[in-house]
Amino acid sequence: MAGPVEEQIYRGPRRRLIETLREGGIRDLAVLRAFEVVPRHIFVPSAVVHRAYDDSALPIGGGQTISQPSVHARYLEELKLTGHERVLEIGTGSGYQTALLSHLAAQIFSVERNRELLDRAREVIRRIGARNISLLLGDGTLGWREYGPYDAILVSAAASDIPAPLLEQLAPEGRILIPLGDREEQILTVATREGDAVTRREIGPVRFVPLVGAHGWPS
Ligand code: SAH
């Protein structure tokens with residue numbers, strides 16, 4: 001629920017989460033502000049709602065997880081968004097990160113392959129009233145060609161390499177954030193496009209669910 005009573009109940013825990021993020025080194029004020037205004041408790045299943053503002057990953061159904069807030073925060077800070085970008089997100093999941101992004105960039109396009117998760121995310125996003133989010137059911141390893149190129153692409157699931165269609169849909173100077181490795185462990189990697197060249201920088205070890213699709217892992 002996102003009613004006024006729930007808002008009151010969760011205000012304290014949400015403040016504490018933001019404190020945790022700050023103590024963990026998140027400095028970008030726009031990112032911290034996004035965590036302040038997006039109610040994580042309406043994106044998590046009711047069985048785990050009491051843990052909505054813990055800094056931990058939580059199950060969202062279908063064997064998928066909503067990432068730990070500090071991981072989302074690091075991701076978002078790494079993108080250095082100014083509010084003017086077109087962003088493509090692969091793996092909508094609960095829609096929580098999509099909602100955070102909607103406060104940090106101009107337009108968000110998000111692709112999810114699991115229909116049940118996408119339907120639920122669509123409903124929650126409708127309830128919070130975000131107007132700059134477009135959702136698509138499909139294989140995100142193919143990108144979303146219609147609205148590209150994108151200034152930033154976030155991949156919320158792990159691949160062994162960057163899917164070629166995503167690089168093609170990246171704007172000049174655009175950056176793509178993706179966990180690269182095997183199905184168990186990955187290194188969060190940021191790739192930046194400079195003309196035809198792509199430079200890569202490794203950020204640190206992470207664990208994401210596999211990116212399943214034509215340019216990802218087999219299902
Ligand atoms: N950022 C999400 C967490 C996503 S978990 C959140 O805040 O809740 C990773 C998601 O990627 C899962 O929902 C999974 O179904 C989705 N996924 C995996 N492979 C995909 C693909 N090829 N295209 C689109 N979504 C994919």
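## Pocket lining

The lining of the largest pocket comprises 15 nonpolar, 16 polar and four charged residues. Here Ala, Val, Leu, Ile, Met, Phe, Trp, Tyr, Cys and Pro count as nonpolar, Asp, Glu, Lys and Arg as charged, and the others, Gly among them, as polar. The model is predicted: local features need pLDDT of at least 70 and side-chain atom pairs count only at pLDDT 80 or more, whereas totals for chains, interfaces and linings use all residues. Residues are numbered from 1 along each chain as its sequence is written, and side-chain values use heavy atoms, with hydrogens and water left out.

The volume of the largest pocket is about 570 Å³. Of its 35 lining residues, Gln64, Thr65, Ser156, Ala157 and Val209 are the closest to the centre. Two or more lining residues come from each of β2 (64-66), α3 (69-79), α4 (96-102) and β4 (107-112), and β2 gives the most, with three. A pocket is an open set of points on a 1 Å grid over the protein atoms alone, where a 1.4 Å probe fits, with protein on both sides within 12 Å along at least five of seven lines; lining residues have an atom within 4 Å of a point. The volume is the space filled by probe spheres set on the points, which are joined across faces, edges and corners. Helices (H or I, at least four residues) and strands (E, at least two) are DSSP runs numbered from the N terminus.

## His72 in helix α3

Helix α3 contains His72, which is buried, with a relative accessible area of 5%. Buried denotes under 20% relative accessible area, exposed over 50%, and partly exposed in between (1.4 Å probe, protein chains only).

The side chains of His72 and Gln97 are joined by a polar contact of 2.8 Å. Such a contact is a pair of N or O atoms within 3.5 Å; within protein, one must be able to donate a hydrogen and the other to accept it, and residues adjacent in sequence count only if both atoms are side-chain atoms.

## Salt bridges

There are ten salt bridges, each defined as a side-chain nitrogen of Lys or Arg within 4 Å of a carboxyl oxygen of Asp or Glu. One of them pairs Arg126 with Glu123, with the closest N and O atoms 3.0 Å apart. Both residues lie in helix α5 (residues 115-128), three residues apart. Arg126 is exposed, at 56%, while Glu123 is partly exposed, at 36%.

Glu168 and Arg145 also form a salt bridge (3.3 Å, N to O).
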